[in-house]
Amino acid sequence: MHCVFMASSGNYLRFLLNGSLVELTGVDPHRTLLDWLREDMHRTGTKEGCAEGDCGACTVVVGELAKDAAGRDRVQLAPINACIRLLPTLDGKAVFTVEGLKAASGALHPVQQAMVDCHGSQCGFCTPGFVMSLFAVFKTEASPTRAAVCEAISGNLCRCTGYRPILDAAQVMYQQAELATQSAGSETERWRFAPATPAGGGEPMPGEAELAARLVALQRSEALVLTSSRGNFLAPRSVPELAEVVLAHPDAWLLGGGTDIGLWITKALQTSATIIYTGEVAALKVIDETADGLRICAAAPLEAAFRAMNRVYPELAQVWTRFASRPIRSSGTLGGNVANGSPIGDSMPALMALGARVVLRRGEETRTIALEDLYVDYKKQSRRPGEWIEAILLPPRPSPATGEFVVAAYKNSKRNEQDISAVFAAYAIMIDGGVVTSARIGYGGVAGIPKRAAATERALIDQPWNEATVRAAMQAMTHDFTPMSDMRATAAYRMQIAQNLLLRFWLEASDKRTEVRVC
C-alpha cells in the first residue's frame, strides 16, 4: 500500500521548559538544546564542557509521555546530554534544567539541598550536571544502592570536589524529601519534590497527571516538518511514512538519539540539507520478546534495549554499563549504533556473537541478513540507497538440552567509564561432552569494521574445550585481524589483548572460582 507523507500544519516547534510553554519557528535543525538554552534563553546553569556528551556538565532531564500497565498517561523521565541533543527532537516533550528544580518560594529541591548539606560542590562548574543526574535517580529509583548511584553519575566528571560527598548527597536527598515536599506550593512542585515510589506504580500524583495532560495537548497527529535556511527537519510518525521519506531523501541524515550525529555537528562542524528523525515513530521503539527471540526495533533507546537483552543474556549486564553513561544510553538507540557501524562500536561484536540479524527496509520492501553481512569495509555497508535498519533480531537462548552455552563480553579501554574501546570482544560458545560444538566470536577495534573471528572459530569447533585448543585458536586469530595503531593502542597491543581475552574467557568459563576480573 502506498503511503502519502502528511506534514503537520505550521512550521513550529513546541515543548515545555521547566513547565513553561515554548513555541519556536525557523529553527535550525542542527541547533543543540545546550546552545539554545545558553545563548537564546540565558539559562546558563546548564554548562558546556566537552560538547560531545562525555563530561556531563550539560545534563538535563527530559520527560515524555508513556503509558503505564493500566493504560494511564505518565511522564517518563530520563537524563540526557543537552550538548548533543538537537532542539527539534524535543517537540511535544518536557525539559527540566537545574533552574527549574527549586520551588517558587525559593526552597531548594531535595537534591539541591542535599548537595549543599553534604558539601558536594567546590568550583561548582560540574554541580548542575550532577544535580540533574541525581534528580533523574530521585524520580525513577526509590532506594538505589551506592553502586547504582555510581553507575548513574558515571557520565558526570568532577575535578575538584571528589565523588564521596556527592554519593553521600544521593542518600541524604531521600531523607530531605518529606520535609521539602511540605514546603512546595503547587501540585506540580509537590510531584517534582517527591521521590519515586518503591513499587513504581500506583496512581500518578496530581502534578504528574497535570503535566501529562499538558504533554497530551502538545502531541501531533501528523508528521513534524521544520524548514529553515540552514536545512529541513522531518519527523514521520509511522514506519510507512518513514520508509517513504527516506526513499525520497536517500542522502539525508537519519537521526536516532543524536549521540553520534551530534558530534558531527559540534566537532566536525558538518551539516545536512535534510535530517530525518526516527524518534516520533512509536512502532520503532517497540521491543518484543517471544519464543522466537528478541525483536528490538531501531529507535528503541539503548537503555531499554540493554535491559531487554539482560533478561535473556544476564552475562552481558556488566559490559553494557560500560558502553556509555546513563544519559547517552537514554538518548542513543541500538539501531543507530548498528547503522553507524563504527569499528570501535561496542554493541555489534556482542550482537554478532549472539547471532543477530538485521531487518532492512527500502520503501515497502524488507529483507533480513546476518549482522556481520551488513559491514563490507570501513564506512561501507551492503545497504542500498534509501535502505535503512528497521529492527535487530536476536535468537532465543539455546536450550540446556543442546549443551552448555557460555557467553561473555569484555571491554578494554583506558578508563572504566565513558571511554572508547581499544578492543571489545564477545564470545558465545556451545560445549557438549567437553567438546566445542559451535562458536561465534565478535571483535571490535581490531579491523576496519566490527567483525567475526572466522579462523578463530574454526580452530575451536569440534575440539576439546581445554587450554591447548584455546592457545591454538589464539594463534589462528592472527589470520582474522590486522589491527592498526592509533592514540588508544598500538597494533601489537590490540592483537595481544584480543588473544588474551579469549584465554581469559576460557579461564572464567572453565573454573568459576578463577578471579580474573579487576573491575
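User: Which residues in helix 5 does helix 2 meet?
Analyst: Keep in mind that this is a predicted model. On the helix 2 side, the residues involved are Pro110, Val111, Gln113, Ala114, Met115 and Asp117. Sorted by class, the contact of the two helices has 10 nonpolar, 2 polar and 1 charged residues. The residues they meet in helix 5 are Ile166, Ala169, Val172, Met173, Gln176, Ala177 and Ala180.

User: Are helix 2 and helix 5 parallel, antiparallel, perpendicular or oblique to each other?
Analyst: Two packed helices are described by the angle between their axes and the distance between those axes. Here helix 2 (residues 110-117) and helix 5 (residues 164-183) have axes 7 Å apart, at an angle of about 130 degrees. Angles of 65 to 115 count as roughly perpendicular and those over 145 as roughly antiparallel. So helix 2 and helix 5 are oblique.

User: What is the handedness of the crossing of helix 2 and helix 5?
Analyst: Picture the two helices packing at about 130 degrees. Their crossing is right-handed.

User: Which residue in strand 4 is the bridge partner of Val61?
Analyst: Look at strand 3 (residues 59-67), which pairs with strand 4 in the antiparallel sense. There are 9 bridges in that pairing. Val61 has its bridge partner in strand 4, and that partner is Pro79.

User: What is the bridge partner of Gly442 in strand 20?
Analyst: Now move to the open sheet of 4 strands in the order 17-18-19-20, where the pairing is antiparallel. Its edge strands are strand 17 (404-412) and strand 20 (451-452). Strand 19 (residues 435-444) pairs with strand 20 over 2 bridges. The partner of Gly442 is Arg452.

User: What radius of gyration does the chain have?
Analyst: The chain holds 17 helices and 20 strands, and its C-alpha atoms fill a box of roughly 70 × 55 × 45 Å along the principal axes. A compact globule with 519 residues would have a radius of gyration near 24 Å. The chain agrees with that, at 24 Å.

Conventions: Residues numbered from 1 in each chain as written. Predicted model: local features only at pLDDT ≥ 70, side-chain atom pairs only at ≥ 80, totals over all residues. Heavy atoms only, no water. Pairing = 2+ DSSP bridges. Axes fitted to C-alpha atoms, helices over the stretch in contact; angles between N-to-C directions. Parallel < 35°, antiparallel > 145°, perpendicular 65-115°, else oblique. Left-handed = near helix turned anticlockwise from the far one by under 90°. Contact = heavy atoms within 4.5 Å. Nonpolar A, V, L, I, M, F, W, Y, C, P; charged D, E, K, R; others polar. Rg over C-alpha atoms; globule rule 2.2 N^0.38 Å.
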